[in-house]
Amino acid sequence: MNQPVLDPRTRESLMEQLRLLAQAYTPEWRYEPGDPNDPGAAIVSLFGELFSQTIDRFNQLPGKYYTEFLNLLGV
């Protein structure tokens with residue numbers, strides 16, 4: 001069974017989206033990924049990593065619900 005992908009974003013596309021949002025919301029902040037002197041880059045990196053894991057878990061829900069449905073049927 002092919003499971004649907006609920007959220008197709010990868011970690012890289014998520015980080016790109018965060019970079020664009022950083023420019024839109026705070027134009028004075030020059031977000032440089034990997035800059036060790038930028039605390040905002042560290043926060044964005046942490047958020048991107050944690051949120052990409054959340055997306056991975058979210059995409060596993062259809063399979064989990066299908067299994068629970070079969071359990072309800074007694075299969």
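Arg19 is partly exposed in this predicted model, with a relative accessible area of 24%. The side chain of Arg19 meets that of Glu16 in a salt bridge, at an N to O distance of 2.4 Å.

Helix α1 comprises residues 11-25, and helix α2 comprises residues 39-59. The two helices pack with their axes 9 Å apart and at an angle of about 135 degrees. This angle makes α1 oblique to α2, because a roughly antiparallel arrangement would require an angle over 145 degrees. The crossing of α1 and α2 is right-handed.

The side chains of Arg11 and Glu49 meet with an N to O distance of 2.7 Å. Arg11 is located in helix α1 and Glu49 in helix α2, so the pair ties together parts that lie 38 residues apart in sequence. Arg11 has a relative accessibility of 29% and is therefore partly exposed. Glu49, with a value of 33%, is also assigned to the partly exposed class.

A further salt bridge joins the side chains of Asp7 and Arg9, with an N to O distance of 2.8 Å. In total, the count comes to three salt bridges. In general terms, side chains of opposite charge can pair when their charged atoms come close.

Apart from these charged pairs, the surface carries a nonpolar patch formed by Tyr66, Phe69, Leu73 and Val75. Together, these four residues present about 450 Å² of accessible area. Leu73, one of the members of the patch, lies in helix α3, which spans residues 61-73. With a relative accessibility of 55%, Leu73 counts as exposed, because the exposed class begins over 50%.

Conventions: Residues are numbered from 1 along each chain as its sequence is written. This is a predicted model: local features need pLDDT of at least 70, side-chain atom pairs count only at pLDDT 80 or more; totals for chains, interfaces and linings use all residues. Side-chain values use heavy atoms; hydrogens and water are left out. Patches are made of residues with over 30% relative accessible area and no salt bridge: like charges are joined within 9 Å, nonpolar side chains (Val, Leu, Ile, Met, Phe, Trp, Tyr) within 5 Å. Accessible areas come from the Shrake-Rupley method with a 1.4 Å probe; for residues, only the protein chains shown count as cover. Helices (H or I, at least four residues) and strands (E, at least two) are DSSP runs, numbered from the N terminus. Buried means under 20% relative accessible area, exposed over 50%, partly exposed in between (1.4 Å probe, protein chains only). Axes are lines fitted to C-alpha atoms, for helices over the stretch in contact, and angles run from 0 to 180 degrees between N-to-C directions. Angles under 35 degrees count as roughly parallel, over 145 as roughly antiparallel, 65 to 115 as roughly perpendicular and the rest as oblique. A crossing is left-handed if the near helix is turned anticlockwise from the far one by less than a right angle, and right-handed if clockwise.
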